[in-house]
Amino acid sequence: MLDPDISTADALRHLSFDEEPTAAALDRRRFLRLVGMGVGAGVVAGGSGSLLDHAFGHDPSAWAAGPIGADDGVLVIIGMYGGNDGLNTVVPFTDPNYVEMHGGLAIPANQTLRLNSSQGLNGNLPTLKRAWDDGHLAVVQGIGYANPDLSHFNSMAYWMAGRPNALPSSGWMGRWLDGYLGGTDDLYAAAEVGTSVPLHLVGNHKKGTVVGASRPGYGSATDARSERQYAAIRAMAGGAGGGWRAPVGQAFVDQLDLARTLAPVIPDEDQLPDAEIVAKLEVAARLVNANLGFRVVTAGWGDFDSHAGQPGQHADRMAELDAAISRFFALLDPAWASRVTVMTFSEFGRTPWDNDGAGTDHGTSAPHFVIGANVKGGLYGQQPSLANLRRWDRMTHHVDFRSYYASILDGWMGGGSSDVLGGNFEQLGLFRGPPGSTPPNGIVLGDGGTVTPNPSPTPVPTGKSFFHPVSPVRIVDTREGIGAPRQPIGPGQRIRVKVAGAAGLPATGLTAVIANVTAVRPTQPMHFTVYPGRVDRPETSNLNAVPGRPVPNLVAMAVGDDGYIEIYNSNGQTHCLVDVFGYTDGRSNGGAKFNPTAPKRLFDSRNGTGMRRGALAPGTAVDVQVAGKAGVPKTGATAVVVNVTAVNPDQPGHLRVTPTGRTPATTSNVNFAAGDVVPNLVICELGDGGKLRMDATGASTHVVGDVFGYFADGGERLITMAPRRLLDTRDGTGAPKRPLGPGRRVDLQVAGLKGVPAAATAVVLNVTATKVADASHVSVWPRGGSEPSTSNLNVVAGQTIANLVICRVGEQQSVSLANPLAGCDLVADVLGYFVP
């Protein structure tokens, strides 16, 4: 007899099924399992089905692998094995019983992410909070069943079977597969990302399959030994004789070819995120994107069985859940946004009372999450009362878990809940519409997490927007008391900078300002966050600096309704400079629009490109021809976007860029120390003859300039916005949680999410490199194009440096980023975009 108190892992092992292939029963699924090829199962040979189908002599139509129906929804199920503490997941922070019972485990109100005046999400769930804010997170409270069983094995079996207090013989999604597949043969419709098929994917007649959490292994190696093996297999496939040898050999040959095709698509195991569930959800997203025929993808992890040491353990599980959901939606193709729903389950909750080991014991009802673009966000069910519960009392449930399942099956999967669950159960109404009814848009839950389902696609703004270049002018210098108090900005302090009406700028109608912001004499490592006036400070940054050197960066920042921008200092004391180079408003008089160009080098003093050869001497100005060069037209351009880099200066100093023929102002564009290679983006009005004038103060330095676009009468409108984080390789936002280094690039979706409309043709990004391993450079370019020879950031070991980037949007609404020489983490915040 099985011990009901076995561990979570043992219970899960008893409720999962391995598939050991044999030559006598080598069907398609078993073959794929044998060779680690689950992820490639649906790759097709033209329009005639999978290559493996033909190898086994089957009619490809019988497998039905391939695109799912236009109205079919996809369900992703996340198992939280071990029993999740629901009270520390959705926290009833105003309930005194919670604070008393949970004792030292209770999470204070100020450490939660508020859902309403009495409840908040665990503080490690920012991705889910963003989904809640956008109306696409359903929190179903108090889920359980009558006469609960507190054994891991029994409770897990009941949840997986969808039948409480009964001997499990099949799973709820497996029985749904029975009906969905009908009498057809083995359809690749459901998969567990893991190593075995869990009970909930096992039906009476059909069951799901297994996909490993990595790219196909066998067939992608290119060493001599592997190539000899492949040659032997190919010879077997072409050999004479009947029986199973030829079809099996041919199947292996097809697998070899497919593995090499898939290798660039699915990451190696060591390139996937470190956290188990995050890696599994990345593979799940790639399976959905491939449209191989999957209707259900499941994945699970643990352990949530927190009898002791719960504060650290549960916090880690919550962070992993958040990162996994963030990563899934970050990778999900926007075309699937309205057709995918994610749900969670766990075999039980925890006790409301803590125990003597800083933990909780097996409990009963708990909340669960449903997330997606078509989910009707809000609270469902009821938070169980904690009043009058004695030490070993359990909370009462309010939602039968079969109602939770029925609402998913009938509301999202096309119906059949009464057959699957053996009765009619309450419908919770979790969805705002059927799959595909909401226009597709990217779900990006990640400002630290990456994908928030947008309630609807961001519309293209209809108002006018024109860029007006101005001769550079300084509007803030805290060293002199210009535009702000004459004192450094302290740690955690901010200054409010009046832009509207300052230094000749219009007093009304201003929508954005283009300015160079510089940190001067910082006393500690710090960063500035620049944002519109009178809005909440975002968790983004614009420049990073360390003691002993000034650091500038260009910003294209929306101006608040009050006519101000705000600048926040994260740490230490630092002075601040703000130099304005232009602004946007709705007035066409003298205004211009943006024209993006492919990155191209305009000048390089090291080899004489576009200017005389030789370092720029201190106090010596040089004019650079812009009009008619590097993609800028000979006539009509009023301003240029150029990345200017100082290379190997002999002393500390700064570069200044002004329109030729104008009196240079006391401004700066690039600040440097001796031996630096440091860039800064410059947007500057063109002067006499379509030229720019550069001069260096305090040092001799080489200068390099790369053009990324220009402004003219015709073109695209610049629309600025409050900054939002799109990418952070340190935590898995927008890309795998790993440094970017040689041989790898990041393809980052930038349009169709985070408030950027799908119609955006170019984006304004603040890109930061940090944790740099060695000297290198970072390039940003439209996805689908060739990696350019230009650079946007130049980095050295140990440095954290940021630069503004304006880049055309490429294929799949994305841009590409690469760091070809040495590893570093990358962060990218979107500040604006361009639309026709």
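**Strands, salt bridges and a loop**

Modeller: Happy to! Strands β36 (residues 776-782) and β37 are paired antiparallel, with 3 bridges between them. Keep in mind that this is a predicted model.

Biologist: Which residue stands opposite V795 in β37?

Modeller: That's S776.

Biologist: And what sheet do β36 and β37 belong to?

Modeller: They are part of an open sheet of 4 strands, ordered β34-β39-β36-β37, and the pairing is antiparallel. The edges are β34 (745-749) and β37 (793-795), each of which pairs on one side only. On average, neighbouring strands of the sheet are turned by 20° against each other, ignoring direction.

Biologist: Nice. Let me zoom out for a second. How many helices and strands are in the protein chain?

Modeller: The chain has 14 helices and 40 strands. It runs to 836 residues, and 59% of them count as buried.

Biologist: What about the accessible surface of the chain?

Modeller: It comes to about 29800 Å², and carbon and sulfur atoms account for 49% of that. As for contacts, if you take those between residues at least 6 apart in sequence, 78% join residues at least 24 apart.

Biologist: Which way do the residues of β10 point?

Modeller: V296, T298 and G300 point one way, while V297, A299 and W301 point the other way, and all are buried. In general, side chains in a regular strand alternate between the two faces of the sheet.

Biologist: Which strands pair with β10?

Modeller: One is β2 (residues 74-80), which runs parallel to β10 and is joined to it by 6 bridges. In that pairing, L75 sits opposite V296. Another is β7 (residues 190-193), also paired with β10 in the parallel sense, over 3 bridges. There, E192 has T298 of β10 as its bridge partner.

Biologist: Changing topic: how many salt bridges does the structure hold?

Modeller: There are 29. One of them joins D579 and R474, with the closest N and O atoms 2.5 Å apart. That pair links distant parts of the chain: D579 is in strand β24 (residues 575-585) and R474 is in strand β17 (residues 466-477), 105 residues apart.

Biologist: Are D579 and R474 buried or exposed?

Modeller: D579 is buried, and so is R474.

Biologist: Can you show me another pair?

Modeller: D706 belongs to strand β32 (residues 702-712) and R601 to strand β25 (residues 593-604), so the bridge ties together parts that are 105 residues apart in sequence. D706 is buried, at a relative accessible area of 1%. R601 has 29% relative accessibility, so it counts as partly exposed.

Biologist: Got it. What does D604 bridge to?

Modeller: D604 meets R606 in a salt bridge, at 2.8 Å from N to O. D604 is in strand β25, and D604 is buried, with a relative accessible area of 3%. R606, on the other hand, is partly exposed at 39%.

Biologist: What else does D604 touch?

Modeller: Leaving out residues up to four places away in sequence, D604 touches T609, M611, V703 and V704.

Biologist: Which residues are linked in a network of salt bridges?

Modeller: R494, R496, R534, D562 and E566 are linked that way.

Biologist: Last one, then. Where does Q812 lie?

Modeller: Q812 is in the loop between β38 (801-808) and β39 (814-818). With 49% relative accessibility, Q812 counts as partly exposed. Not counting residues up to four places away in sequence, Q812 touches D333, Q749 and R783.

Biologist: And how far is Q812 from L748?

Modeller: They are 64 residues apart in sequence, and 9.2 Å apart in space from C-alpha to C-alpha.

Biologist: Great, thanks for the tour!

Terms used. Residues numbered from 1 in each chain as written. Predicted model: local features only at pLDDT ≥ 70, side-chain atom pairs only at ≥ 80, totals over all residues. Heavy atoms only, no water. Helix = DSSP H or I, 4+ residues; strand = E, 2+ residues; numbered from the N terminus. Buried < 20%, exposed > 50% of the residue type's maximum accessible area, 1.4 Å probe, protein only. Contact = heavy atoms within 4.5 Å. Salt bridge = Lys/Arg side-chain N within 4 Å of Asp/Glu carboxyl O. Pairing = 2+ DSSP bridges. Axes fitted to C-alpha atoms, helices over the stretch in contact; angles between N-to-C directions. Areas by Shrake-Rupley, 256 points an atom, 1.4 Å probe, with all protein chains shown as cover.
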